[in-house]
Amino acid sequence: MEITEHIKYLAAEGQLLADTAERAGTGAAVATCPEWRVRDLLRHTGMVHRWATAFVTEGHPSYHPAEGEPDLDGAELLGWFREGHGRLVSALTEAPDSLACWAFLPAPSPRAFWARRQAHETAVHRADAQSALGAVVPDVAPEFAADGIDELLCGMHSREKSRVRTPKAAVLRVRATDTAGVWTVHLSDRAPRTVRTDGGDADCELSGTAAELYLALWNRLPLEAVTVSGDEGLALLWRETSAITWS
């Protein structure tokens, strides 16, 4: 996807997150993250937005810590979130393609990395806000959802910090039924290795629409939301070990 498309989704998903959080109320429980209330979701996501904005606007060449979460709630917290989200969208829109700063996944450029990462960060947390109103609906656009699956499998879980490991080599396939997206994830006692092809036989396959897979792989929908074929233990392994945590 183009950088401008990622920025478009970042803008839309952030607005939806804020609107949904406002309807739910900051004290509502977040079903997809049982330890959180909506106020925690807004504080965390707003902190991440400001953290990302600092790289884009200040050009930090190496890791730079976030400033921390604010002690805000209610309307003041919602205003703080909206302001930070708007600053991030503006920073990425105005940044040159020659932007040089730190990034933690391979990408065509740091600007492309931050636009993509923050678009999906925000979309996943928008689903969290939605869960506070009762249920997560797989209403993510197919092309954006497929892009998010690709980032998760080929990017986030290609890192050594991924905990998705098996003592015996196995293959997990992910197949989107409404796009051309197919990913073959090679599991072992090392970090997963993903290729964007059928890649031969698989021990387990997860199939469904790109939106269903996107949210299920991010553990925002239950496994029952997609079709699991073959060794269900590998699907459960993903569910139990694939969580991405802030650090």
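Before anything else, what I call helices and strands: helices are DSSP runs of H or I with at least four residues, strands are DSSP runs of E with at least two, and both are numbered from the N terminus. Okay, two bits of housekeeping. This is a predicted model, where local features need pLDDT of at least 70, side-chain atom pairs count only at pLDDT 80 or more, and totals for chains, interfaces and linings use all residues. Residues are numbered from 1 along each chain as its sequence is written, and side-chain values use heavy atoms, with hydrogens and water left out.

So, the overall picture. The protein chain has seven helices and five strands, and the order along the sequence is α-α-α-α-α-β-β-β-β-α-β-α. The radius of gyration is 18 Å, close to the 18 Å from the globule rule for 247 residues, so the chain is as compact as a globular protein of that length. That radius is taken over C-alpha atoms, and the rule is 2.2 Å times the number of residues to the power 0.38. Along its principal axes, the C-alpha trace spans about 50 × 40 × 30 Å.

How much of the protein chain is buried? Of the 247 residues, 53% are, where buried means under 20% relative accessible area, exposed means over 50%, and partly exposed is in between (1.4 Å probe, protein chains only). As for contacts, meaning heavy atoms within 4.5 Å, residues 24 or more positions apart account for 69% of those with a separation of 6 or more.

The accessible surface comes to about 11000 Å², and carbon and sulfur atoms hold 51% of that. Those areas are from the Shrake-Rupley method with a 1.4 Å probe, and for residues only the protein chains shown count as cover.

Let's start with the helical part. Histidine 49 sits in helix H2, and its relative accessible area is 0%, so this histidine is buried. What does histidine 49 touch, not counting residues up to four places away in sequence? The list is Leu10, Phe81, Gly84, His85, Leu88, Gln118 and Thr122.

Now look at the loop between helix H1 (3–24) and helix H2 (38–58), where you'll find alanine 29. Alanine 29 has 42% relative accessibility, so we call this one partly exposed. The C-alpha atoms of alanine 29 and alanine 132 are separated by 5.7 Å, although the two are 103 residues apart along the chain. Ala132 also turns up among the residues that alanine 29 touches, along with Trp36 and Arg37, once you leave out those up to four places away in sequence.

On to the strands. Strand E1, residues 170–176, has six of its seven residues buried, so the rest of the structure largely encloses it. Which strands does E1 pair with? One is strand E2 (residues 182–187), antiparallel over six bridges, and another is strand E4 (residues 204–208), parallel over five bridges. To count as a pair, two strands need at least two bridges between them by DSSP. E1 and E2 make a hairpin, with five residues between them.

Leaving aside neighbours within four places in sequence, alanine 170 is in contact with Val185, His186, Leu187, Asp203 and Leu234. Its C-alpha atom is 6.5 Å from that of serine 188, which is 18 residues along the chain.

Next, E4. Five of the five residues in E4 are buried, so this strand is largely enclosed by the rest of the structure. In a regular strand, side chains alternate between the two faces of the sheet. Here Cys204, Leu206 and Gly208 point one way from E4, Glu205 and Ser207 point the other way, and all are buried.

If you want to trace the bridges, leucine 172 partners cysteine 204 in E4, and alanine 176 stands opposite glycine 208. Cysteine 204 also has glycine 230 in E5 as a bridge partner. E4 and strand E5 (residues 227–230) pair in the antiparallel sense over four bridges.

Last stop: asparagine 219, in the loop between helix H6 (210–217) and E5. Is asparagine 219 buried or exposed? Its relative accessibility is 19%, so asparagine 219 counts as buried. Phi is near 65° here, a positive value in a residue other than glycine.
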